[in-house]
Amino acid sequence: MQLLLGFLLAILIAYLAYRAHSLNKSGAIAATVTGTIIFGIGGWQWAILLLTFFITSSALSRAFKKRKQGLDEKFSKGHERDAGQVFGNGGIATAFAALHFFFPNELWPWLGFAAALAAVNADTWATELGVLNPNPPRMITNLRKVVEKGTSGGISLTGTLASLIGSALIAFLASLLTDNWSIFPLITFSGLAGSLFDSLLGGTVQAMYYCPTDKRNRETSAPHLRHTDRPHPRLEVAR
């Protein structure tokens, strides 16, 4: 019965997100799959953490839209998530929710689930709020190198603080829901570390692609752009 209720709740949320243009069709289908597992196996406590990530990240993606418009055009990611982004953000958390079915009395699936969501929430907050930093960011692999706002691998004080707060929010809820405050620092700093590691990957494996349609260079991890665009000959290797 709980799995059926989880499925119905996941469909409802995915549909609302699709209508709000937070998800495209493939993203809505992927959200239904992940939501069914998390809501149906984990229950309402697990659902709260997932919804907190999704709602806050979607809200931040839409906030300060005018100030981020130029960045959205160059660093093409957008606020409408597809299946790859949904599974990329929620895949690990979903796996821990599934493991909870086999280990219902163990704490570690909850810790893994919360830490995974803390990491993606931290990364999203850093991305969405870091671009508002008045000074340009610096490359995580070379802090003396100043880069454009929105560049993968670029970090700033504002973005790092936003990352910490985003991670702490998930950690706070995970601790509150279990009445176990000893896990708060573990989840918080695990989420922050995950976000910084994602920045490290962005600074070492992200590529710049040339879009023949609008004749501009775009840095992206979106599969639809990778399949249709060709790498810029001088920017084929990430910074």
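Colleague: Why is Asp 179 called exposed in this predicted model?

Modeller: Exposed means over 50% relative accessible area, and Asp 179 has 64% relative accessibility, so Asp 179 counts as exposed. Asp 179 is found in the loop between helix H7 (157-178) and helix H8 (184-205), and its phi is near 55°, a positive value in a residue other than glycine.

Colleague: What makes His 21 partly exposed?

Modeller: Partly exposed covers the range between buried, under 20%, and exposed, over 50%; the relative accessible area of His 21 is 48%, and therefore His 21 is partly exposed. His 21 lies in the loop between helix H1 (2-19) and H2, and here too phi is positive, near 65°. Most residues other than glycine have a negative phi.

Colleague: Why is the pair of Trp 46 and Phe 113 called tilted?

Modeller: Planes under 30 degrees apart count as stacked and those over 60 as edge-to-face, with the rest tilted; the ring planes of Trp 46 and Phe 113 stand at 45°, with centres 4.7 Å apart, so this pair is tilted. The pair joins distant parts of the chain, since Trp 46 is in helix H3 and Phe 113 in helix H6 (residues 108-130), 67 residues apart. Both residues are buried, and ring pairs link Trp 46, Trp 110 and Phe 113 into a cluster.

Colleague: What makes the pair of Phe 101 and Phe 102 edge-to-face?

Modeller: Edge-to-face requires planes over 60 degrees apart, and the rings of Phe 101 and Phe 102 have their planes at 90° and their centres 5.3 Å apart, so the pair is edge-to-face. Phe 101 and Phe 102 are both exposed.

Notes. Residues numbered from 1 in each chain as written. Predicted model: local features only at pLDDT ≥ 70, side-chain atom pairs only at ≥ 80, totals over all residues. Heavy atoms only, no water. Helix = DSSP H or I, 4+ residues; strand = E, 2+ residues; numbered from the N terminus. Buried < 20%, exposed > 50% of the residue type's maximum accessible area, 1.4 Å probe, protein only. Phe/Tyr/Trp six-rings, centres within 6.5 Å; stacked < 30°, edge-to-face > 60°.
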